[in-house]
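Hi everyone, thanks for making the time today. Let me put the sequence and the model up on the screen, and then we can walk through them together.

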Amino acid sequence: MYWRVQKIGPEQLVKLYGVHLLLVFSLLINGFLWLSRPQKSMPTEVKQDVEAFSRKVTGHLLDTSYITCENNMTQLRDELGPTLAANLTNQGVLPKNAQDMHALVLDMQERKQICAVRIDQVQVSEPNQQGLIPVQVSGVCAIHSAAETAERRFIFQYLIGQRAGTTQLLLTQYQDLSPN
């Protein structure tokens with residue numbers, strides 16, 4: 001007879017096809033690990049949102065035009081975290097109350113002060129361990145008034161997060177690295 005029936009037991013199957021089974025198992029595990037790996041970079045939409053937010057916050061921080069200052073300071077309070085807003089108020093960057101704001105605007109109106117902010121570079125980095133996004137913004141702020149004309153380079157370092165329960169961006173830390 002040309003056909004001979006062989007009895008193949010589990011031991012022979014392992015000997016014949018064991019390497020193949022291990023290869024398939026290894027490929028499946030590696031495929032799963034590759035699909036479930038953490039992404040190394042932020043999505044471009046998030047980077048664009050953070051960059052736009054950083055530009056807007058920088059404009060609000062540096063605005064010393066008597067025309068738009070009051071509106072921008074009000075918007076800036078909504079964009080800052082509560083501890084940062086308190087720190088900037090104590091440092092005198094933000095007015096303490098409505099009276100101080102009104103006095104600041106009147107002073108700017110008397111001097112006819114305006115400003116222009118040019119942002120040269122916004123560098124968005126990967127989120128840190130707390131999930132906050134470091135951003136460095138640099139550029140030039142030019143101030144013109146009846147009393148003075150000045151140009152100042154600035155470099156700001158921000159840490160940006162999200163407001164709890166929403167997707168609204170929030171400035172949590174601010175550091176001025178500008179050359180003096």
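I'll start with the sheet, then go to the core, and finish with the cysteines and a few single residues.

A word on the ground rules before that. This is a predicted model, so to speak of local features we need pLDDT of at least 70, and side-chain atom pairs count only at pLDDT 80 or more, while totals for chains, interfaces and linings use all residues. Residues are numbered from 1 along each chain as its sequence is written, and side-chain values use heavy atoms, with hydrogens and water left out. When I say helix or strand, I mean DSSP runs numbered from the N terminus: H or I over at least four residues for helices, E over at least two for strands.

So, the sheet. What is the order of its strands? It is an open sheet of four strands, β1-β2-β3-β4, with antiparallel pairing; strands pair if DSSP finds at least two bridges between them. β1 and β4 stand at the edges with a single partner strand each, so one side of each has no neighbour in the sheet. From one strand to the next, the twist averages 30°. Axes here are lines fitted to C-alpha atoms, for helices over the stretch in contact, and angles run from 0 to 180 degrees between N-to-C directions.

Let's go across pair by pair. β1 and β2 run antiparallel and are joined by ten bridges, and there you can find Arg 118 opposite Val 140 in β2. Next, β2 and β3 pair in the antiparallel sense over twelve bridges, with a hairpin of four residues joining the two strands. In that pairing, Cys 141 stands opposite Arg 152 in β3, and Ile 143 has Ala 150 of β3 as its bridge partner. Finally, β3 and β4 pair over seven bridges, again in the antiparallel sense, and Phe 156 stands opposite Asp 176 in β4. The hairpin of β3 and β4 has six residues between the strands, and in it Gly 165 takes a positive phi near 85°.

What packs on this sheet? Helix α2 does, touching β1, β2, β3 and β4, and its direction makes about 135° with that of β3. Contact, for me, means heavy atoms within 4.5 Å.

That takes us to the core. I'm using nonpolar core for a set of buried Ala, Val, Leu, Ile, Met, Phe, Trp, Tyr and Cys residues joined through side-chain atoms within 4.5 Å. Buried means under 20% relative accessible area, exposed is over 50%, and partly exposed is in between, with a 1.4 Å probe and protein chains only. The largest nonpolar core has 31 residues, and Leu 80, Val 135, Tyr 158, Ile 160, Leu 171 and Tyr 174 touch the most other members. Elements giving two or more residues to this core include α3 (69–79), α4 (82–91) and α5 (98–111), but the largest share, five residues, comes from α2.

Have a look at Val 135: leaving out residues up to four places away in sequence, Val 135 touches residues including Val 50, Ser 54, Val 122 and Tyr 158.

A search of the whole structure finds four aromatic pairs, where rings of Phe, Tyr and Trp (its six-membered ring) pair if their centres lie within 6.5 Å. Phe 154, Phe 156, Tyr 158 and Tyr 174 are linked by ring pairs into a cluster.

Now the cysteines. Cys 69 counts as buried, at 1% relative accessibility. And Cys 115? Its closest cysteine sulfur, in Cys 141, is 4.7 Å away, too far for a bond.

Gln 136, in strand β2, counts as partly exposed because its relative accessibility is 27%. Asn 72 sits in helix α3 and is buried, with a relative accessible area of 13%; beyond four places in sequence, Asn 72 touches His 60 and Asp 63. Last one: Lys 112, in the loop between α5 and β1, has a positive phi near 55° without being a glycine.

Definitions and conventions:
A disulfide is a pair of cysteine sulfur atoms within 2.5 Å. Rings of Phe, Tyr and Trp (its six-membered ring) pair if their centres lie within 6.5 Å; planes under 30 degrees apart count as stacked, over 60 as edge-to-face and the rest as tilted.
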